[in-house]
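Colleague: Before I use any of the labels on this chain, I would like to hear the rule behind each one. Please take me through them.

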Amino acid sequence: MTPRTATLIGLTAILMWSLLSVMTVATGKIPAFQLAAMTFAIGGLVGLLTWIGRGEAAKSLRQPPIVWAVGVGGLFGYHALYFLALRFAPPAEAGLLNYLWPLLIVLFSSFLPGERLAMHHIIGAVLGLVGTVLLFAGNTSGFAPGAVPGLVAAFIAAFVWAIYSVSSRRLKAVPTDAVAGFCLVTSVLAALMHLALETTVWPETTLQWLSVVALGIGPVGAAFYAWDIGMKRGDIRVLGAASYATPLLSTGFLIAAGFAQASANIAIAAILIAGGGLIAAKDMVLRK
């Protein structure tokens, strides 16, 4: 697989994650950790189904403790922190702090062997950050002292996901099949958090059940496998900068579904984020 192909596969994860908000809304009032437990279980099963006819795939679970720590710590750690952030802090502020992770991925990639961080990568990531700030502008409502723990959780979550993503490159020898195991363990841990903190609420309609299944197959399933391929074999700097398209595309899908309204801020943010992504991907776009 060429780096260009792996990068394109990684970009599909960004597209799938942009559907996360609208699909989550369609699931109804299922508590966050319960929804995570359900969807990560489905996502893990999606990976296991790809093992059919490949007996050697099961060997991918035989990994050193550090690999499991990175994999489960990244998937469960990030989502646990982000859910806690949304519980204590206003969603807009928590989301804005959380979206530091694309910029952190671009910056952290400079510490990887053989990677070179050029000025256009930094410019692209910063433009994406500015566009994301503009996207959230006007939706902030200030925060009380009690929101500080949530904001801290969102900030730490950004570092957790960036470290997980960049560490995947250092663990390039670990096959993507292992992500199925990470998803299943994350599901178990999320279920334990749900039992400790939440009241169980099951989907009430066929649409809600289908939305849960769709979440598990796509944004909480295939997306993590695609992201793993992109991080391990693609252009990590391009993927980091392009990740700022996630909140923009997510807002677009919410507008299309009638859950949000278009505005001038969104249009300008689209130009900044798209422009930043193109600048960061200059080498790949102009490559003959």
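**Labels and their cut-offs**

Colleague: Why is valine 148 called partly exposed?

Modeller: Buried means under 20% relative accessible area, exposed means over 50%, and partly exposed is in between (1.4 Å probe, protein chains only). Valine 148 has 38% relative accessibility, so it counts as partly exposed. Its place is in helix H8, residues 148-170. Helices here are DSSP runs of H or I with at least four residues, strands are E runs of at least two, and both are numbered from the N terminus.

Colleague: What sort of model are these values computed from?

Modeller: This is a predicted model, in which local features need pLDDT of at least 70 and side-chain atom pairs count only at pLDDT 80 or more, while totals for chains, interfaces and linings use all residues. Residues are numbered from 1 along each chain as its sequence is written, and side-chain values use heavy atoms, with hydrogens and water left out.

Colleague: How many helices and strands does the protein chain have?

Modeller: There are 14 helices and 0 strands. Buried residues make up 49% of the 288 residues in the protein chain.

Colleague: What makes Val148, Val152, Phe155 and Ile156 a nonpolar surface patch?

Modeller: A patch takes residues with over 30% relative accessible area and no salt bridge; nonpolar side chains (Val, Leu, Ile, Met, Phe, Trp, Tyr) are joined within 5 Å, and like charges within 9 Å. Val148, Val152, Phe155 and Ile156 make a patch of about 310 Å² by that rule. Accessible areas come from the Shrake-Rupley method with a 1.4 Å probe, and for residues only the protein chains shown count as cover.

Colleague: How do you know whether leucine 195 is buried or exposed?

Modeller: Leucine 195 has 64% relative accessibility, so it counts as exposed. Leucine 195 is found in helix H9. Its C-alpha atom is separated by 8.8 Å from that of phenylalanine 33, 162 residues apart along the chain.

Colleague: What is the span of H9, and what is it set against?

Modeller: The expected span is 1.5 Å times one less than the number of residues. H9 (residues 178-197) has 20 residues and reaches 29 Å from its first C-alpha to its last, close to the expected 28 Å.

Colleague: Why is alanine 178 called buried?

Modeller: Alanine 178 has a relative accessible area of 1%, so it is buried. Alanine 178 lies in H9, and other buried residues of that helix include Val179, Phe182 and His194. What covers the buried residues of H9 includes helices H3 (32-49), H4 (65-88) and H10 (206-233). Not counting residues up to four places away in sequence, alanine 178 touches Ser60 and Leu61; contact means heavy atoms within 4.5 Å.

Colleague: What makes the pair arginine 54 and aspartate 177 a salt bridge?

Modeller: A salt bridge is a side-chain nitrogen of Lys or Arg within 4 Å of a carboxyl oxygen of Asp or Glu. Arginine 54 and aspartate 177 meet at 3.0 Å, N to O. Arginine 54 lies in the loop between H3 and H4 and aspartate 177 in the loop between H8 and H9, so the pair ties together parts that are 123 residues apart in sequence. Arginine 54 is partly exposed because its relative accessibility is 27%, whereas aspartate 177, at 17%, is buried.

Colleague: How many salt bridges does the rule give?

Modeller: The count comes to 3. Aspartate 228 pairs with lysine 232, with the closest N and O atoms 3.1 Å apart. Both lie in H10, 4 residues apart, about one turn of the helix. Aspartate 228 counts as buried at 3% relative accessibility, and lysine 232 is buried with a relative accessible area of 3%. Aspartate 235 and arginine 237 also meet in a salt bridge, at 3.1 Å, N to O.

Colleague: Which residues touch the most other members of the largest nonpolar core?

Modeller: A nonpolar core is a set of buried Ala, Val, Leu, Ile, Met, Phe, Trp, Tyr and Cys residues joined through side-chain atoms within 4.5 Å. The largest has 53 residues, and Trp17, Leu75, Trp101, Trp161, Phe224 and Trp227 touch the most other members. A second, separate core of 6 residues includes Leu103, Ala125, Leu129 and Tyr244.
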